[in-house]
Amino acid sequence: MEDVQSKGRQGRVADAPSGHWVYAALPRAAWPYAQLARWDRPIGWWLLLWPCWWAAALAPFGHGTATLPVAAQLPDPWHMALFLVGAIAMRGAGCTYNDLVDRNIDDQVARTRSRPLPSGQVTPFQAKAFLVAQALVGFLVLIQFNSTAIWVGIASLAVVAIYPFAKRFTDWPQLFLGLAFSWGAFMGWVAVHASLGVTPFLLYAGCILWTIGYDTIYAHQDKEDDALVGVRSTARLFGEKTKPALLILYGGMVILLAASFASTQVPLIAYVGLIAAGLHMANQIRVLDIDDADQCLALFKSNTVVGWLIFGGLVAGSLWMLAT
């Protein structure tokens, strides 16, 4: 598993971990599909999942927590499980779709030419079949929700379809990623309320800024290759001004999430998690070296800590309300 994958041999993708449990659990023939879906890199589905779980944790406050049964004052465990399965399935489907669209570009970039399609481990037809299978899992998850949530979920496909092409026509492909990855802010809310309102829109806007920020850090890994092949990104756009840009993006995210909290009158203890997340993101900005690819990847991955801090604060707010 230490060999990097190429047209001549099967192995790991260059920027994927070696020795991951996925490879021990799956037969060798299934490895390219696991790599297409990024099952060996869970950070992607965590980042897709967090807006869902944050909204699910905010939704009970929107009902008026004090009037709900005790069990309903916390995030719905069934919804959280569905969002988890859906995030894994749809992140995998999205990565497969993205790799199909970008397979010729990926073949020209050092970090991505070992992916299953450019390395020849999977044919385009096989990738498309795998894409359909993952999308079906996502659809089965979606139809467990109310009819409004189903239609809101279907509406997300328009943004998902556009994202892989954004890097060809705009310096802001990370914005389109944010529009897609933040959709869970609507889903977690509408699954409970069967309608939208100001709270999920504030949360959605904040998540978009967060996504642009963390994916800008991620994109700095590829900026030299991207420049050679003509791929656009906020990493190339911001350049040496990345730190001030991140300060605006992450700062705006904290403000918008605080506004979403205030719109549902969550208790003050919930803000502790948000403040801790803000400090964590401030430290990302402080230590960031945009020319250190390994550090950029590590800082990108550390955003799952942001997710846990904010979610933990909201759950603590629910428990506080129950105890008082």
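Author: Asp76 caps the N-terminal end of H4, with a side-chain oxygen 2.8 Å from the backbone nitrogen of Trp78. The model is predicted: local features need pLDDT of at least 70, side-chain atom pairs count only at pLDDT 80 or more, and totals for chains, interfaces and linings use all residues. Residues are numbered from 1 along each chain as its sequence is written, and side-chain values use heavy atoms, with hydrogens and water left out.

Helix H4 covers residues 77-106 and has a kink of about 50°, centred on Leu100; the bend at a residue is the angle between axes fitted to the seven residues ending there and the seven starting there. Helices are DSSP runs (H or I, at least four residues), numbered from the N terminus.

Asp99 also belongs to H4. Asp99 counts as buried because its relative accessible area is 1%, buried being under 20% (1.4 Å probe, protein chains only). The side chains of Asp99 and Arg115 form a salt bridge (3.7 Å, N to O), that is, a side-chain nitrogen of Lys or Arg within 4 Å of a carboxyl oxygen of Asp or Glu. This pair links distant parts of the chain, since Arg115 lies in the loop between H4 and helix H5 (124-142), 16 residues apart from Asp99. Arg115 is likewise buried, at 6% relative accessibility. A network of salt bridges links Arg38, Asp99 and Arg115.

A salt bridge also joins the side chains of Lys167 and Asp102 (2.8 Å, N to O). Lys167 is in helix H6 (residues 147-169) and Asp102 in helix H4, 65 residues apart. Both Lys167 and Asp102 are buried.

How values were computed
Helices (H or I, at least four residues) and strands (E, at least two) are DSSP runs, numbered from the N terminus. A polar contact is a pair of N or O atoms within 3.5 Å; within protein, one must be able to donate a hydrogen and the other to accept it, and residues adjacent in sequence count only if both atoms are side-chain atoms. Buried means under 20% relative accessible area, exposed over 50%, partly exposed in between (1.4 Å probe, protein chains only).
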